[in-house]
Amino acid sequence: MVESRKTSETDIRLDLNVRGTGVYQFDTEIPFFEHMLSHISKHGLIDMDLKLRGDIGIDCHHSVEDTAILMGQMIHTQLGDKKGIFRYGHFTLPMDEVLTTVAVDLGGRFYFKYSGPPIDGKFGIYDAELTLEFLQKFALNAKMNLHVVVHYGENRHHIHESIFKGLGKALRQAIAIDSLAKDQIPSTKGMLE
């Protein structure tokens, strides 16, 4: 599925498949962001081909935010009525001295919560605080609950990697088809938004 998002600040083309094999290709001019997205793809088995041009001469905010919006919308669309999916996923991921838990609910309602050390500093041109912006906008547009807890850790790179890898793993569980309930919508309401 290919979608585009074009504003006065960004021009994005994304080919995304939630039932993929973890193949990715990025052309964003933001190397650290590409590195983080690769973890979602690889560990979530979500294929991504992203071309992004944005106003990075100002900063990377609009580029990261708009990518999160488009990714979230596409995942929500591709899951359709969500028949057969597990809906919930969680993963606790060790990354050297860091331990992070990521939990998701694809039930159609937005909520985002981060708990852990401050997310600040820079990775090249990428402001570390953009990670929280990405996660919030991604969860909002995917219509999901997303809880991220960094239990402990010191290395900023490891903290970021653990979050994005954990997100990929949690999404993989939630999106997977439950073979025992493949014709059922995972809700007592009989529907999910």
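Tutor: Helices (H or I, at least four residues) and strands (E, at least two) are DSSP runs numbered from the N terminus. This is a predicted model, in which local features need pLDDT of at least 70, side-chain atom pairs count only at pLDDT 80 or more, and totals for chains, interfaces and linings use all residues. Residues are numbered from 1 along each chain as its sequence is written, and side-chain values use heavy atoms, with hydrogens and water left out.

Student: How far does α3 reach from its first C-alpha to its last?
Tutor: Helix α3 covers residues 130-142, which is 13 residues. The expected span of a helix is 1.5 Å times one less than its number of residues. For α3 the expected span is 18 Å, and the reach in the model is close to that, at 18 Å.

Student: How many of the 13 residues of α3 are buried?
Tutor: Buried means under 20% relative accessible area, exposed over 50%, and partly exposed in between (1.4 Å probe, protein chains only). Among the buried residues of α3 are Leu130, Phe134, Leu135 and Phe138, together with Glu133 and Lys137. The helix is largely enclosed by the rest of the structure, because the number of its 13 residues that are buried is 10.

Student: Which elements are included in what covers the buried residues of α3?
Tutor: Contact means heavy atoms within 4.5 Å. The cover includes strands β7 (111-115), β9 (126-127) and β10 (145-152), and among the helices it includes α1 (31-44), α2 (61-79) and α4 (156-175).

Student: At roughly what angle do the axes of α3 and α4 cross?
Tutor: Axes are lines fitted to C-alpha atoms, for helices over the stretch in contact, and angles run from 0 to 180 degrees between N-to-C directions. Angles under 35 degrees count as roughly parallel, over 145 as roughly antiparallel, 65 to 115 as roughly perpendicular and the rest as oblique. The two helices are therefore roughly parallel to each other, since their axes come within 11 Å and cross at roughly 15°.

Student: How many nonpolar residues does the contact of α3 with α4 have?
Tutor: On the α3 side the contact is made by Thr131, Phe134, Leu135 and Phe138, which meet His160, Ile163, Phe164, Leu167 and Leu171 in α4. Ala, Val, Leu, Ile, Met, Phe, Trp, Tyr, Cys and Pro count as nonpolar, Asp, Glu, Lys and Arg as charged, and the others, Gly among them, as polar. By these classes the contact has no charged residues and 2 polar ones, while the nonpolar residues number 7.

Student: How far apart are the axes of α2 and α3?
Tutor: These helices pack at an angle of about 30°, with their axes 7 Å apart. That angle makes α2 roughly parallel to α3. The contact includes Val64, Ala68, Ile69 and Ile75 of α2, and Leu130, Phe134 and Phe138 of α3, and its residues divide into 9 nonpolar, 5 polar and 3 charged.

Student: How many of the 19 residues of α2 are buried?
Tutor: Helix α2 reaches 27 Å from its first C-alpha to its last, close to the 27 Å expected. It is largely enclosed by the rest of the structure, because its buried residues number 15.

Student: Which residue follows α1 with a positive phi?
Tutor: Helix α1 has 14 residues, and 11 of the 14 are buried, so α1 is largely enclosed by the rest of the structure. The phi value of the residue that follows is near 55°, and that residue is Leu45.

Student: Is Asp96 buried or exposed?
Tutor: Asp96 is found in the loop between β5 (88-95) and β6 (98-105), and it has a positive phi of about 55° although it is not a glycine. Most residues other than glycine have a negative phi. With a relative accessible area of 63%, Asp96 is exposed.

Student: What is the relative accessible area of Glu29?
Tutor: Glu29 has its place in the loop between β3 (24-27) and α1, and its phi is positive, near 70°. The residue counts as partly exposed, because its relative accessible area is 41%.

Student: How far apart are the C-alpha atoms of Asp183 and Ile58?
Tutor: Asp183 is found in the segment after α4, and at 62% relative accessibility it counts as exposed. Asp183 and Ile58 lie 125 residues apart along the chain, and their C-alpha atoms are separated by 48 Å.
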